Amino acid sequence: MKYTIVLAALLTAATGSAIAAPHEGSAFIHDYDTDHDGKVTRAEFDAVRVARFKATDANADGWVSEDEYVGEYSARLEQQLAASELTEPKKVEERQRQIRQAHVRFGVLDKDKDQKMVQAEYDASGARAFAEQDNDKDGTVTQADAAATAARYLAAREKADKADK
Ligand SMILES: [Ca+2]
Ligand SMILES: [Ca+2]
Ligand SMILES: [Ca+2]
């Protein structure tokens, strides 16, 4: 069980969103494609990440606490839940699960375990996330990359679920 939570947290650390909106092919592209041309360049990705780090650092002291991290995620989660077609009891369940994973993610992101996520830790995780999504490694995440990555995630998750039982 524990393993599955950590794995799922690692997999969603990339995008911060595990609930794909019904009309979206890729949450990653949805989140980072600021010029809406259907693909994400490294420059687009970095610009969104910098802005998000600043927005997440609610008290602007230069680092992100676990509360700040989970707080920022929770706000985005509520938007996703509001837009989703889940029933109310399912939303309650999903909210609990996602918030629990957000806490696990913070632990993963805070690599040196000083309870602070600094920009360098955030950037390192971002670089890994982009590389994960950029399936053909050409520096741009296209729909084809995202689809290939999603298939890989799904396979990894199914394998972990099986190993878990
Ligand atoms: Ca783009
Ligand atoms: Ca802070
Ligand atoms: Ca840290």
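Histidine 36 sits in the loop between helix 2 and strand 1 (40-41). Its phi is positive, about 55°, although it is not a glycine. Most residues other than glycine have a negative phi.

Before going on, the conventions. This is a predicted model, in which local features need pLDDT of at least 70, side-chain atom pairs count only at pLDDT 80 or more, and totals for chains, interfaces and linings use all residues. Residues are numbered from 1 along each chain as its sequence is written, while chains are lettered from A and ligands numbered from 1 in the order in which they are written.

Glutamine 115 is another case of positive phi in a residue other than glycine, with a value near 70°. Glutamine 115 lies in the loop between helix 5 and strand 3 (117-118). It counts as exposed because it has 11 C-beta neighbours inside 10 Å.

Now the overall layout. The chain has 7 helices and 4 strands, where helices (H or I, at least four residues) and strands (E, at least two) are DSSP runs numbered from the N terminus. Along the sequence the pattern is α-α-β-α-β-α-α-β-α-β-α. Of the 165 residues, 24% count as buried. Among contacts with a separation of 6 or more, 57% join residues 24 or more positions apart; a contact means C-beta atoms, placed from the backbone, within 7 Å.

Helix 5 covers residues 88-109. Its 22 residues should span 32 Å at 1.5 Å a residue, and the end C-alpha atoms are 31 Å apart, which agrees. The expected span is 1.5 Å times one less than the number of residues. Which residues of helix 5 are buried? They are Gln98, Gln101, Ala102, Arg105 and Phe106. Seen down the axis, the buried residues of helix 5 fall within an arc of 150°, so they line one face; the arc is taken over directions from the helix axis to the C-beta atoms. On the other side of helix 5, Pro89, Val92, Glu93 and Gln96 are exposed.

Helix 6 has 15 residues and reaches 21 Å from its first C-alpha to its last, close to the 21 Å expected. Tyr122, Ser125, Gly126, Ala129, Phe130 and Gln133 are its buried residues. Those of helix 6 fall within an arc of 140°, so they too line one face.

What meets helix 6 from helix 3? Arg42, Phe45, Arg49 and Phe53 in helix 3 meet Gln119, Tyr122, Gly126 and Phe130 in helix 6.

Last, the cores. A nonpolar core is a set of buried Ala, Val, Leu, Ile, Met, Phe, Trp, Tyr and Cys residues joined through C-beta atoms within 7 Å. The largest has 10 residues, including Phe28, Val40, Phe45 and Phe130. Helix 2 (27-32) and helix 6 (119-133) each supply at least two residues of this core, and helix 2 gives the most, with 4. A second, separate core of 9 residues includes Val64, Leu77, Met117 and Tyr122.

How values were computed:
Buried ≥ 20, exposed ≤ 12 C-beta atoms within 10 Å, placed from the backbone. Contact = placed C-beta atoms within 7 Å.
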